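Dear colleague,

I am handing over the structure below, and after it you will find what I noted when going through it. Please read the cut-offs along with the findings.

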Amino acid sequence: MVKRFLKERLGTIILFAIVVIFVIWGYFSIQKARSNAITFTDEYEEPEGNVDFEDPGKYVSVAKTDKLELLYNEAKGAIQVKNLESGYLWKGICDNDVYDMSGGSVNKMWRSYLQSPITITYNNLKRRDSGARTEYAGKDCTWMETEYLDNGVSVTYGFTSPGIFITVEYTLEDDQLVVRIPVDKIREEARFAVTTIELLPYFGASRNEAGGYLFYPDGSGAITTYEKADSRPANVLGANYYTYTNRFLAFQNLFDSDSYNRYTAAMPVYGIKNGDNALFGVFTEGAENTGVAVYPSGYVVDLNHAGFELYMRNIYNVDMYSMSTATGSATGGSIQRVDKKLISEDKEARYFFLSGDEADYGGMAATYREYLIENGLLKAAIAEGEEMPLALRLLMGTTKGGMVFDEYVSMTDFDQVEEILGRLSDAGVNSTEVVLSSWMKGYDEYECWGPASQLGGPTGMRNLNEYLETASGNKVYLENAFMFASSETSGISEKEDVAYDGLNLEISTTNMDGTIFYLVNPLAAYKRNLKFLDKLEKYDLLGVAYDDVGQYAYADFNENAPYTKSQAVGQLRELLGSTVDADRWVASMGANQYVYSFADYLFDLREESYGFSMTDYAVPFMQMVLSGRIPYSTEGAGNLSYDLQTQKLKWIEYGALPYFYLTYESALKLRDTGYQRLFSSTYSDWEGVMLDTYNEFRNNLSCVYGVQMVGHDYLTDDLIRVEYANGIAIYINYGVQEAKADNVTVPAKGYVVVGGGENG
C-alpha cells in the first residue's frame, strides 16, 4: 500500500522536495546576509551643520614645490593645483569659468555634482532592500572640518543626514598631488554603510573648446578626443573600468570579453589632456578595489571628465525565492547586500602634471613606467643586446568525444617540439618564446600535472629539457591554470579549496554533462603552484606560462582562508615569486599590473580597445609602458589573421614580437574535436611564411627591440608615427594608397623605419 502510494505520488514528492530545498537554501542565504550586516543603533544625533553653500570662499596656497602649488578653498572643501612651469590651473571642482551653471542650464542636483570634491553612495541597513543612495558634497555635506598640514590639508566631509564622515588628505609630495583616505578616519555613525566614493570626479574637467582628450585603460588603452564630440551619438554613454576584475564577479562572465574584459582595467590609471597640459592619475594604494569612470562631453553636460571610484565594501546579490524580508516578501530576482565591514585598507591616488611635449598619452606612459621602475614593480627582462625572439604557441593536444570515453588527439608531441626548434635553429632562428598548451593529461579537468603519454609522457618532456641545454636561446613554457578547477580535478576540496561569495555560495558553474567548474581559493592556487614546481624540479629548463594569474583577482569569502581582493593580489604575487625563486622563466597571458615584477614574457596582450561609442582611437599605452623591459606578443596570431600584412603592421605599431599559433600535425585533425580556435595551423604550411616574417622583423626592427617606445601619434586615421628612445621613428600606413608625412613617403599597407633598418 505504502509502496503504491509512493509510486503514484513520486512526481509530487520530488517536486515538493525541490521546493523545500530552494526554500531552505533561500532561508540560509538570507540568514547569511543578515549575519553579514553592520550592527547599528538609533542613538545617532545629527550634528548642526557649519557649511554655507552660498559662500564662494577663497582659494589660498597651502603647499608648494618647485613645480606645483596646492590651493585650498575652506568654504568649499575644494582644491586646485597650479603647474608652476606652465602656469596652468587644474581645478578640483567646476566653477562658472569651467561650465556656466546659471540660467537653468543644469538642475540643482547636477550643479551640486559639478561642485563636489567627492560623492558617496551608501546603503540604508534598516531598509535593506531599498537600494543605494548617492549624496554630493556640493549640497549634502553640511558639516566640514579642516586641518592644515605641513605639505597640504586634511578635510573631513560630513554627510550628516546618513551620519557618514570621510576624511581626505590632499598633499604635495615629490611634485605630485597625493590624495589619501585613511580607512581609520571613515566614520559611520548611524544605520548607513558607505559602499562607493567618487574621488574628485570633475578634477580637470574641460569643455571641447580646450582641445585635447581623455585617456582610459580600455584594452591596450583608448582615447576620446574633444574634437570629435559632434560626431558621437546624441545619447553617448560613459564607461567604468574595474581594476583587475569586474566588480560583480560571476563565473559565467570570466570568459566573455563583453561582460568581463570590456569593463576591466589592467592598470589603475587615467589621463586628461587639456591643450598643452595634462593630468595623469595613478591609484597607488588600495588599487585593487577601485575603478576608473570616464564621461565624454554630451553625457548630460558638455564637459569631458574622468576620475577614480573607490569601492569601500564588497557587494553581492541575494537570490530571492518567495522569502519574507524585513520590508515585505520577494518572489524571485535578487536584492543587493553589502559586506559587514569596510575593506580594511587605506586609499591613495597620485596625480602627475605634464606640460608641453610631455603632455600626451606617451608622456603619461613614460611617467607610469618610471613610477613602476622606481618602486620595483616593472622587471627588466630584456638583456642589453639580446636578439629579438620569435613568439610561438604550440597546441599539444585536445580531446574528441567518444561513445564512452573521450579520445585524446595529439597535435604536437614533445619530440615534434624539439624538431620544430631544431628546424628553426637550422634556419637561423636561435631566440624564441614558446608556450606549450594542453600538454598534460586531464588538461580539460584543470589537472596541473602529468605530461600526456600520447605526447611522449615524462620521457618526452625529459628529452625536450635536455635539448634546451644546447639551445639556450629558446625559452619554453608549460601553460597551466591554477585558479580554476572542476569536480573532476584530483586533490580539490570543495569546502577548503573553492572560492566562495559573500553568501557562502561557491563561485561556480555547471556544465551540461554535470561537471562543476570552480574558481579556486587564492591560497589553494598558491599551494597547487608549489606542488607543480615540485613536480617540475626534474625538468630544470622549462618555464611556466600562467593562463589565469595575470587575468583574475577576486575577493574570496571561504571561511577557511578568506581574502580581500587586495590580499588575493598579494597571494598571487607570492605565487609568481615562488616560481621566480625556483629559477623558472615566467610567462603570463594576462597583463594585470601586479605581474610586471615577475614576468619574463607576456602573451596575448590586447592590441585594440574593446570599443565604446565614445572611443575615437585605440592606443598602445600598455605596450609603451612595457616596451624595452618585457618582451610581449599580442593576441593576433599571424596564421589566424584575415590579412597577414595588416597584422604585421599592427605588431610593428605596438612594438610586439611576430607571433604564430601552430600545430605540428595537420589542422584537419581538429575538425571533429571541441577545439575551434585554430583552423589553419599546420607547421609545415606556415614555416616558410613564418621564417620570412621573422627575418623581416629581425632585419628591419632589431634596432628598436629592447628600446622604450616614447611616442605614438595618429598623423591621419591611417598613418601613424611611432618613436623610440634611441631616436628611431617608424611610419606605418594602413591605407590602400601611399601617404606622406615629415618628408617621408610610406607605401600603401607598409612602413618606413627612419634612423635605422630598412623599409617594409
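Contact here means heavy atoms within 4.5 Å. On that basis, and not counting residues up to four places away in sequence, asparagine 83 touches Lys67, Leu68, Tyr88, Asn277, Phe353, Leu354 and Ser355.

Before going further, the sources: this is a predicted model, in which local features need pLDDT of at least 70 and side-chain atom pairs count only at pLDDT 80 or more, while totals for chains, interfaces and linings use all residues. Residues are numbered from 1 along each chain as its sequence is written, and side-chain values use heavy atoms, with hydrogens and water left out.

Asparagine 83 belongs to strand β3 (residues 78-83), where helices (H or I, at least four residues) and strands (E, at least two) are DSSP runs, numbered from the N terminus. With a relative accessible area of 2%, asparagine 83 is buried; buried means under 20% relative accessible area, exposed over 50%, and partly exposed in between (1.4 Å probe, protein chains only). Its C-alpha atom lies 9.9 Å from that of threonine 65, a residue 18 positions away in sequence.

For the chain as a whole, the secondary structure comes to 12 helices and 45 strands, and 57% of the 760 residues count as buried. Of the contacts with a separation of 6 or more, 66% are between residues 24 or more positions apart.

Phenylalanine 621, leaving out residues up to four places away in sequence, touches Phe215, Ser220, Gly221, Met267, Val269, Phe280, Tyr361, Met364, Ala365 and Tyr368.

A cavity is a set of points, on a 1 Å grid over the protein atoms alone, where a 1.4 Å probe fits but cannot get out, and lining residues have an atom within 4 Å of a point; grid points are joined across faces, edges and corners, and a volume is the space filled by probe spheres set on the points. The largest cavity has a volume of about 180 Å³, and of the 20 residues that line it, Gly655, Ala656, Val704, Tyr705 and Tyr724 are the closest to its centre.

Two backbone angles deserve a look. Most residues other than glycine have a negative phi. Aspartate 174, however, has a positive phi of about 55 degrees; it sits in the loop between β9 (164-173) and β10 (176-181) and, at 64% relative accessibility, is exposed. Leucine 200 has a positive phi of about 45 degrees and is placed in the loop between β12 (192-199) and β13 (212-216), but at 1% relative accessibility leucine 200 is buried.

Best regards

Notes: 1 Å grid on protein atoms, 1.4 Å probe; cavity = no way out; pocket = protein on both sides within 12 Å on 5 of 7 lines; lining within 4 Å.
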